[in-house]
Amino acid sequence: MSIPVGLMVGGSVTSWFVVTLAATPTMMAETLLGMIGPLLVSVVSWELAQRTYRRRPERLTGLMVTAFAGKMVFFGAYVAVALLGLSLRPIPFVVSFTAYFIGLHVTEALCLRRLFVEVARR
């Protein structure tokens, strides 16, 4: 497991645990499912981007464009299934989903920046 993946998973699980201690026990499912989708996508996206950049940097932009389209479809379906199919309460789910979505994408962007600098120094 790479350091960025460890940070994403560790930070997400730790923050979810803290939130569940502070919130009501009935919100555990909504906050957990609000975390899992963005976390899964960020981990897979990071691993693909890192591997692609190290092997064939010229292909990273194409990969990221394709990943963006895939993420739009996945997240649309994920939110629909969570809210309509699983009948989760919308406010805790949407707050959790939004917070993890933004936080994990910022983390991924910072890790990409670090990867670019690291490779450029070689």
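This is a predicted model: local features need pLDDT of at least 70, side-chain atom pairs count only at pLDDT 80 or more; totals for chains, interfaces and linings use all residues.

Trainee: At what angle do the axes of H3 and H4 cross?

Mentor: Here is the general idea. Two packed helices are described by the angle between their axes and the distance between the axes. In this case, the axes of H3 and H4 cross at roughly 165 degrees and come within 12 Å. An angle over 145 degrees counts as roughly antiparallel, so H3 and H4 are roughly antiparallel to each other.

Trainee: Which residues of H3 and H4 make the contact?

Mentor: From H3 come Leu60, Met64, Lys71, Phe75, Tyr78, Val79, Ala82 and Leu83. H4 brings Pro90, Phe93, Val94, Phe97, Phe101, His105, Glu108, Leu112 and Phe116. Sorted by class, the contact of H3 with H4 has 14 nonpolar, 1 polar and 2 charged residues.

Trainee: Let me step back for a moment. How many helices and strands does the protein have?

Mentor: The protein has 4 helices and 0 strands, and its elements run α-α-α-α from the N terminus on. Along the principal axes, the C-alpha atoms fill a box of roughly 50 × 30 × 20 Å. Of the 122 residues in the protein, 32% are buried. Among contacts with a separation of 6 or more, 75% are between residues 24 or more positions apart.

Trainee: What distance separates the end C-alpha atoms of H4, and what should its residues span?

Mentor: H4 has 32 residues, which should span 46 Å at 1.5 Å a residue; its end C-alpha atoms are 46 Å apart, so the two values agree. Helix H3, residues 60-85, has 26 residues and reaches 35 Å from its first C-alpha to its last, close to the 38 Å expected.

Trainee: Which residues of H3 and H4 are buried?

Mentor: An α-helix has 3.6 residues a turn, so residues three or four places apart point the same way. In H3, the buried residues are Leu60, Lys71, Phe75, Tyr78 and Ala82, and what covers them includes H2 and H4. In H4, the buried residues include Pro92, Phe93, Ser96, Phe97, Tyr100 and Leu104. The buried residues of H4 pack against H1, H2 and H3.

Trainee: How do H2 and H3 pack?

Mentor: Their axes are 11 Å apart, at an angle of about 165 degrees. That makes H2 roughly antiparallel to H3, and H2 passes H3 in a right-handed crossing. The contact of H2 with H3 divides into 12 nonpolar, 3 polar and 1 charged residues.

Trainee: And what about H2 and H4: parallel or antiparallel?

Mentor: The axes of H2, residues 28-55, and H4, residues 90-121, cross at roughly 15 degrees and come within 8 Å. Angles under 35 degrees count as roughly parallel, so H2 and H4 are roughly parallel to each other. This crossing of H2 past H4 is right-handed. By class, the contact of H2 with H4 has 18 nonpolar, 7 polar and 4 charged residues.

Trainee: Can we look at single residues too? Is Gly34 buried or exposed?

Mentor: Gly34 sits in helix H2. With a relative accessible area of 0%, Gly34 is buried. Leaving out residues up to four places away in sequence, Gly34 touches Phe93, Ser96, Phe97 and Tyr100. The C-alpha atoms of Gly34 and Val94 are separated by 6.8 Å, although these residues are 60 residues apart along the chain.

Trainee: Which residues is Ser12 in contact with?

Mentor: Ser12 lies in helix H1, residues 3-22, and counts as buried at 3% relative accessibility. Apart from its neighbours within four places in sequence, Ser12 is in contact with Leu7, Met35, Leu39, Tyr100 and Leu104.

Trainee: Last one: where does Ser87 lie?

Mentor: Ser87 lies in the loop between H3 and H4. Its phi is near 55 degrees, a positive value in a residue other than glycine. At 58% relative accessibility, Ser87 counts as exposed.

Definitions and conventions
Residues are numbered from 1 along each chain as its sequence is written. Side-chain values use heavy atoms; hydrogens and water are left out. Axes are lines fitted to C-alpha atoms, for helices over the stretch in contact, and angles run from 0 to 180 degrees between N-to-C directions. Helices (H or I, at least four residues) and strands (E, at least two) are DSSP runs, numbered from the N terminus. Angles under 35 degrees count as roughly parallel, over 145 as roughly antiparallel, 65 to 115 as roughly perpendicular and the rest as oblique. A crossing is left-handed if the near helix is turned anticlockwise from the far one by less than a right angle, and right-handed if clockwise. Ala, Val, Leu, Ile, Met, Phe, Trp, Tyr, Cys and Pro count as nonpolar, Asp, Glu, Lys and Arg as charged, and the others, Gly among them, as polar. Buried means under 20% relative accessible area, exposed over 50%, partly exposed in between (1.4 Å probe, protein chains only). Contact means heavy atoms within 4.5 Å. The expected span of a helix is 1.5 Å times one less than its number of residues.
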